[in-house]
Amino acid sequence: IFDKNFSFNKPNGSGIGLSSAKEFIEIIGNGKIFATSKTEVGTEISIELPVNNYPSWWLDRIKIHGIDQVAILDDQETSHDAWRMKLKGIIKCIHFTRTDEFAVWLKNNMDLNVNTLYLIDFDLGKGKTGVEIITEFNIMNKSILVTGNYDDPKIQTSCESLMLKLLPKPLISEI
């Protein structure tokens, strides 16, 4: 019942409810979701969540007060679409799909008196990772690593050591 697209006894059911709940609980870590069924009685869904047990890399909100613009580096256009929908009309966004274009823009704009927040994907295809880009340009305190690989312990450890915040891609619309 926790599989994506599974729906039972609902002609128009999409099967995303329990699978989305499970995915979110796994993202935040240390949570549990489980089902208990009794014949001819019904099914009970239980969710257990930790209280204030977030890792140092956890990001619960993006603060844009005092930020002039957001630069987004991600090789997937769908991620850019999600950010466009989330930030439309709120703040100026500059989008990059290639690391070389981002690097040139960053070198030309670092000395300007513009406060920029960087949202950088971890897996940028071939070449450097988002962590390597963030480290190379020394923008740790102005960056958020956005990745679908949020559950990789190596990435989490890198974020902890760099004091870098990490945003799981599935939570872009929730942040």
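Strand β5 (116–121) is mostly covered, with six of its six residues buried (buried meaning under 20% relative accessible area, exposed over 50% and partly exposed in between, with a 1.4 Å probe and protein chains only). Strands such as this one are DSSP runs of E of at least two residues, whereas helices are runs of H or I of at least four residues, and both are numbered from the N terminus. Thr116, Tyr118 and Ile120 point to one side of β5, Leu117, Leu119 and Asp121 point to the other, and all are buried. The model is a predicted one, in which local features require pLDDT of at least 70 and side-chain atom pairs count only at pLDDT 80 or more, while totals for chains, interfaces and linings use all residues. Residues are numbered from 1 along each chain as its sequence is written, and side-chain values use heavy atoms, with hydrogens and water left out.

The open sheet to which β5 belongs consists of five strands in the order β4-β3-β5-β6-β7, with parallel pairing. Two strands are taken to pair if DSSP finds at least two bridges between them. Because β4 (92–96) and β7 (165–168) stand at the edges with a single partner strand each, one side of each is left without a neighbour in the sheet. From one strand to the next, the twist averages 20° (axes being lines fitted to C-alpha atoms, for helices over the stretch in contact, with angles from 0 to 180 degrees between N-to-C directions). In general, the strands of a sheet pair through backbone hydrogen bonds, in either a parallel or an antiparallel arrangement.

Strand β3 (residues 69–73) is likewise mostly covered, five of its five residues being buried. Gln69, Ala71 and Leu73 on one side of β3 and Val70 and Ile72 on the other are all buried, so that both faces are covered. β3 and β4 pair in the parallel sense over five bridges; within this pairing, Gln69 stands opposite Lys92 and Ala71 opposite Ile94. Five bridges also join β3 to β5, and these strands run parallel. Ala71 stands opposite Tyr118 in β5. The parallel pairing of β5 with strand β6 (residues 143–147) comprises four bridges, and Ile144 in β6 is the bridge partner of Leu119.

Helix α3 (residues 99–109) contributes the buried residues Phe102, Ala103, Trp105 and Leu106. The cover over these residues includes β3, β4, β5 and α4 (130–136), where contact denotes heavy atoms within 4.5 Å.

A search of the whole structure identified seven salt bridges, each defined by a side-chain nitrogen of Lys or Arg within 4 Å of a carboxyl oxygen of Asp or Glu. One of them joins the side chains of Lys169 and Asp74 at 2.9 Å, N to O. This pair links distant parts of the chain, as Lys169 lies in the segment after β7 and Asp74 in the loop between β3 and α2 (77–87), 95 residues apart. Both Lys169 and Asp74 are buried. In another salt bridge, the side chains of Asp81 and Arg84 meet at 3.1 Å, N to O. Asp81 and Arg84 both lie in helix α2, three residues apart, or about one turn of the helix. Because an α-helix has 3.6 residues a turn, residues three or four places apart point the same way. Asp81 counts as partly exposed at 38% relative accessibility, as does Arg84 with a relative accessible area of 36%.

The side chains of Lys128 and Glu136 also form a salt bridge, at 2.4 Å, N to O. Lys128 is partly exposed at 38% relative accessibility, and Glu136 is partly exposed with a relative accessible area of 43%. Elsewhere, salt bridges that share partners join Asp74, Asp121 and Lys169 into one network.

On the surface, Ile1, Phe6, Ile45, Ile47 and Leu49 form a nonpolar patch with about 440 Å² of accessible area together. Patches consist of residues with over 30% relative accessible area and no salt bridge, like charges being joined within 9 Å and nonpolar side chains (Val, Leu, Ile, Met, Phe, Trp, Tyr) within 5 Å. Accessible areas come from the Shrake-Rupley method with a 1.4 Å probe, and for residues only the protein chains shown count as cover. Leu49 is located in the loop between β2 (42–48) and β3. With a relative accessible area of 47%, Leu49 is partly exposed.
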